[in-house]
Amino acid sequence: MDPMDAIRTTFFIECDELLAQLEEGLMAMEQGSADSETINSVFRAVHSVKGGGGAFGLDPLVRFSHVFETLLDQIRSSQVEPTEAVVATLLRAADMLADHVSAARDGGGVDEARSEQIAAAIMSHTIGGSATGAYEPEPAEIEGIDFKPQMISLDLPAAEPAADFDISALLASAAAEPAGEPVANDEEGGWVVNFAPHASLYAKANDSALVLRELASLGEAVITVNDEALPTLDEMDPAGAYLGWTVRLPGSVVEEDIRDAFAFVDEDCDLEITREDGVQGGPDIAALLAGAAEPVPAAAEPADLLSSLLQGAVEAPAAAPAAVATPPAPDKPFNLMDLAPHVDTLTQSAPSAPAPAPAAANAPPAPPPPQTIRVDLDRVDRLINLVGELVINQAMLAQRVMESGAGKATDVNLAITDLELLTRNIQDSVMAIRAQPVKSVFQRMPRLVREVGEATGKRVKLVTEGEGTEVDKTVVEKLSDPITHMIRNAIDHGLETPAEREAAGKSAEGVVRLTAAHRSGRIVIEVSDDGRGVDRVRVRAKAIEKGLITADAQMTDEEIDNLIFAPGFSTAASVSDISGRGVGMDVVKRSVQALGGRITIISTPGQGSRFSLSLPLTLAVLDGMVVTVGDQTLVAPLTTIIESLKPRAGDVRPLGPNNFVLKIRDAFVPLIDTGAALGFGKSKFDPTEGVALLVESDVAGQVALMVDHIQGQRQVVIKSLETNYKPTDGVAAATILGDGRVALILDIDGLVTAHRKAPPRADTLAMTG
Amino acid sequence: MTELSLDGRDGSELISFRIGEQEFCVDIMAVREIRGWTPATPVPHSPRFVRGVINLRGAVLPVIDLADRLGLGAAVETARHVIIVVQIGSRIVGLLVDAVCDILSTADHTVQKTPDLAGDHMQNFVKGLIALDGRMISLIDLGLVLDTHQAEAA
């Protein structure tokens, strides 16, 4: 991979983490539980996204985050009170920032109108928003600082108007607005920052303009360019750096913030941050420049040179100020750094005030974050495979030792017991590497709730619990879709409108609760709402209308509630944009089942519903029923099995020439001979000698599978058959048994489908519908 | 007689093995390991020459009965049969053969073009012949073994 691409990838990984941190902090602010450290972390998150974005030239991202950051900074310095309205705007801004990041990562664009609208909303909360951080919609304009050429008194003889270029305008233009105003005269005295980038700064794709803009966002900055180091044109290195800047900032700015601005560049520049004497106050810019420019005869020549250079470099003289506004571009190095020594003298002559203790020093030190490393997932998977193999090997070894006739109390067996313990521990530890808290999924939900709430006009509060619950990474990834759908469903269908809620004596704001917990070796995710509950009369009517049940069917409340999972069922009278995307709860149920999970609903009319989703902790293992068919050992996924029974002779009835049905408590279900369906059964099919597994299939409802014996239940490690072979009908995957042999895991739906396709008369099975 | 280059590399090494009375060889770079016969788990709905799948240190890989694949009749496996584990593209496949014989270098032996025998099934899989001490060794095209097998199985 290109090194730059690798860095870019890392940047976006970090962006995700920063955005999560941002969202978390904002949620804390929303709940009013934010301390200054939270606000700082929120600020840092946006700041880091911006910094990285700047390095990669992601202009729209940088512009947006700059506006965002400006408001956060004012909140941080207590200039702006984080009211409910402000935090709501910040949350929307965080969503927008996430959009900007993904647009920058995946290409594609963002909703410009929305971005601008949110940026405008942010600026409406920002004090003097446009002055400290102008949001420039034109993509070509990178500068956040509003450089405006402005005539100020400047006693520089060389600044006499040239024929078509004015050096004083050039120098003045480098002074940021509001240059004419005196520097804020605090009691502490202002800051003087001397900043002279080396060529290496530009070589590392940093940009002085970003640093200067950063400084300007800290407070009213007066920025002066030091351009005396500019050599004559023929001596000039096009890739060199000749410009330096003096930035004056009000004393109220924290030194740490100033240093932060140089975080990415401090190794590649001469940096000097000093505090001016408070009594003396900030001399105005004109006096500074006048003093600095004292060696008049010497300055005159370079200035002429400069103007001629600029005429050459900039095609239209009118565009000159714009060119000066972006001096860091390495191809325009018209710096005159000789000014710097004078400025240094000036700052040195001022008695340097004692450096103020950084604000953070007073705060108790934050606990150091746990150390982490990034590891390629493939490496972890390889390790897990090896450990799985070790476990099998250990089991085989134990079996061989037993076969050799060594007694239980012999040294060999004791050592093997120790080995078993060790391998189990290793296995648990390795699985823990892949375990991740469900937080990463839960964190995406507040945004969803806000958006769905907005779209439906409902007021919703999301309460989450158990975010720290850990589950295998593969499961975490698969959780997102079902949870998203359940939450959408809860808000759209479950919760009432504020008016309806008040009429029912509830608070106008509905509560959606999202929880995660470990329960008996599985992870249980629950989504509950305090809405109206399932409208059973409507559900029932709909089910009859859709032909899912007969009009006279006797059903318990629970059975009616579960009808919403039936394929093709959707209660929404009008297909709304939120839930009705042609995806019903049946799809959710199917995808959950595909993961070896179960989904259930408990509903109380008027009080709300609760969806409960139970999933295995990892997708690498499966709870299976180990069965024998012919001379083969097979595994049936336990989640699909309803019950197992031994059919009596009279219970199995032929249906047509080749099909059988099994009578279970007055119901007939199709009977499939597993061996025959897989092509390795016995010659004669005798149902009374085997065991029937009653399973739930998606395609044909309940089906009975005939097997020879049940060996027992076991957790098995899932191995793909497709990696080295090909997908096979009726087989979901493979696993490796304790004796090292491969056993196939049955795919119930595939088996049923294959059986239905098989001759002679597939339609005979339709009776189960 | 035409010289046949093996992936443009001179002095490639080949591993030769025996099926019945005939000798074959494959590029040694494709061979991952050689292991003894282990019973394979049959896979439903697969062609007859796919003996089933075996466990190779946690990976599940198919075993192809090369004799059957080449049209020489299905092998009756014994404990002396071996499985040559080869990598074909991104897949790892086991080849069931009678015995492994030798390692030879193409630098020492000329690979001759396979004579055109119309209609012979085996001709599809043999991309060249090597003469060695009066024996004839057929060079197997591994890619074709799998490709055709997939085309047929699909």
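Helices (H or I, at least four residues) and strands (E, at least two) are DSSP runs, numbered from the N terminus. By that rule, Ser16(B) lies in strand β1 (residues 13-19) of chain B.

The model is predicted: local features need pLDDT of at least 70, side-chain atom pairs count only at pLDDT 80 or more, and totals for chains, interfaces and linings use all residues. Residues are numbered from 1 along each chain as its sequence is written, chains are lettered from A and ligands numbered from 1 in the order in which they are written, and side-chain values use heavy atoms, with hydrogens and water left out.

**Chain A overall**

Chain A contains 26 helices and 22 strands. Buried means under 20% relative accessible area, exposed over 50%, and partly exposed in between (1.4 Å probe, protein chains only). Of the 769 residues of chain A, 48% are buried. Contact means heavy atoms within 4.5 Å; among contacts in chain A between residues at least 6 apart in sequence, 72% join residues at least 24 apart.

| Residue | Element | Relative accessible area |
|---|---|---|
| Val401(A) | helix α16 (residues 377-403) of chain A | 11% |
| Ser16(B) | strand β1 (residues 13-19) of chain B | 0% |

Leaving out residues up to four places away in sequence, Ser16(B) touches Glu23(B), Phe24(B), Cys25(B), Val100(B), Cys101(B), Asp102(B), Leu104(B) and Ile137(B). With the same exclusion, Val401(A) touches Ala406(A), Val412(A), Asn413(A) and Ile416(A).

**Helix α17 of chain A**

Helix α17 (residues 411-434) has 24 residues and reaches 35 Å from its first C-alpha to its last, close to the 34 Å expected at 1.5 Å a residue. The expected span is 1.5 Å times one less than the number of residues. Its buried residues include Asn413(A) and Ile416(A), both of which are touched by Val401(A). The buried residues of α17(A) pack against α16, β5 (435-437), β7 (470-472) and α20 (473-494) of chain A.

**Nonpolar cores**

A nonpolar core is a set of buried Ala, Val, Leu, Ile, Met, Phe, Trp, Tyr and Cys residues joined through side-chain atoms within 4.5 Å. The largest has 68 residues, and Leu693(A) and Phe17(B) have the most contacts inside it. Strand β6 (residues 82-88) of chain B gives the most to this core, with six residues. A second, separate core of 45 residues includes Val460(A), Ile483(A), Ala553(A) and Leu595(A).
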